Amino acid sequence: MPEGDTVWLAAQRMNTALAGATLTKGELRVPQLATVDLAGATVTEVVPRGKHMLTRFADGRTLRSHYRMDGSWHIYRKGTPWKGGPAHSIRAVLATDEWDCVGYRLHDLRIVPTSDEDELVGHLGPDVLGPDWDLEEALRRLRSHPDEQIGVAILDQRNLAGIGNLYKVETLFMTRTHPWTRVADVPDLPGLVERARTLMLANRDRPEQSTTGSTRRGEDHWVFGRRGRPCRRCRTAVLLGDQGPDTQERVTYWCPACQAARSPIDPLARTGEPGHPASIAAT
């Protein structure tokens, strides 16, 4: 799933291709925007906001796109075949004399006056990779829900924007934090948040997402995607479970030894008794 660093890199590349150029084609292939024609509009800039991408035009409009689980923008030099997926999965085409920017499986496409962008992204917390980053504000928002599980809280884009499941999992492992720990019980919440930001900053200029320092396949993550395999620290089998409210569950990986639960509020997480996600066997 695309995370904030993926969107950040895509926005930089889109900005390089489109900023200052006039569109020769501007199609939005979703029912609610099917009659909108952006041809002739001049792009002023493309910027990321958390997991949202904002394409701003000189006429005072903004196009918002969101990747969700499977969306992506692909950039092709004019005349190059498009290879991002079947034609029916294309949701947007922004083309200039030099480049074709093609959006596959994009979600939440909206056009609003640029002055009204807050309607789309105003609810987001400080952007981990943005110029508005504010650690104290992010901490204030996290601490306003002290009983929330940390693994849920740092994915909530209203607290801080940009962190996705991969960086959640890897950050919690690197800080030895059990995913079901209450926010109030995290020993070093500022350090945890800054660790996530450091990881994302290290990866934002490249498509590879490494948290270990190695970009070799199979060596790039500590626990993410490694269910049942030995922890790189202690050799204990990595566990996999679901975390989050009903219908919004996200998978989480963790090492039960390196990330032992310490909070008395969640005894099932500590014992791995049946009925709790922590009881899922590593197979």
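Ala, Val, Leu, Ile, Met, Phe, Trp, Tyr, Cys and Pro count here as nonpolar, Asp, Glu, Lys and Arg as charged, and the others, Gly among them, as polar. This is a predicted model, in which local features need pLDDT of at least 70 and side-chain atom pairs count only at pLDDT 80 or more, while totals for chains, interfaces and linings use all residues. Residues are numbered from 1 along each chain as its sequence is written, and side-chain values use heavy atoms, with hydrogens and water left out.

Start with the domains. The assignment, automatic or from a database, gives domain 1 (4–122) and domain 2 (135–282). Their C-alpha centres lie 31 Å apart. Nine residues of domain 1 are in contact (heavy atoms within 4.5 Å) with 13 residues of domain 2. The two domains bury about 840 Å² between them, and carbon and sulfur atoms give 55% of that. On the domain 1 side, Asp 5, Trp 8 and Lys 51 lose the most area to domain 2, together 58% of what that side buries. Buried area is the accessible area (1.4 Å probe) that two parts lose on being put together, summed over both.

Next come the open spaces. Rolling a probe the size of a water molecule over the atoms shows where empty space is left. The search runs on a 1 Å grid over the protein atoms alone: a cavity is a set of points where a 1.4 Å probe fits but cannot get out, and a pocket is an open set with protein on both sides within 12 Å along at least five of seven lines. Lining residues have an atom within 4 Å of a point. Grid points are joined across faces, edges and corners, and a volume is the space filled by probe spheres set on the points.

The largest pocket has a volume of about 750 Å³. It is lined by 30 residues, and Lys 51, Leu 155, Gln 157, Gln 248 and Arg 250 are the closest to its centre. Domain 1 and domain 2 each supply at least three lining residues. By class, this lining has 11 nonpolar, 10 polar and nine charged residues.

The second largest pocket holds about 290 Å³. Helix H1 (4–18) and strand E5 (72–77) are the elements that give two or more residues to its lining; helices (H or I, at least four residues) and strands (E, at least two) are DSSP runs, numbered from the N terminus. H1 gives the most, with five residues. Of the 14 lining residues, Thr 6, Leu 9, Ala 10, Arg 13 and Trp 73 lie nearest the centre. The lining has eight nonpolar, four polar and two charged residues.

One cavity of 30 Å³ or more turns up in the whole structure. Among the residues that line the largest cavity are Trp 8, Pro 48, Asp 127 and Ala 161.
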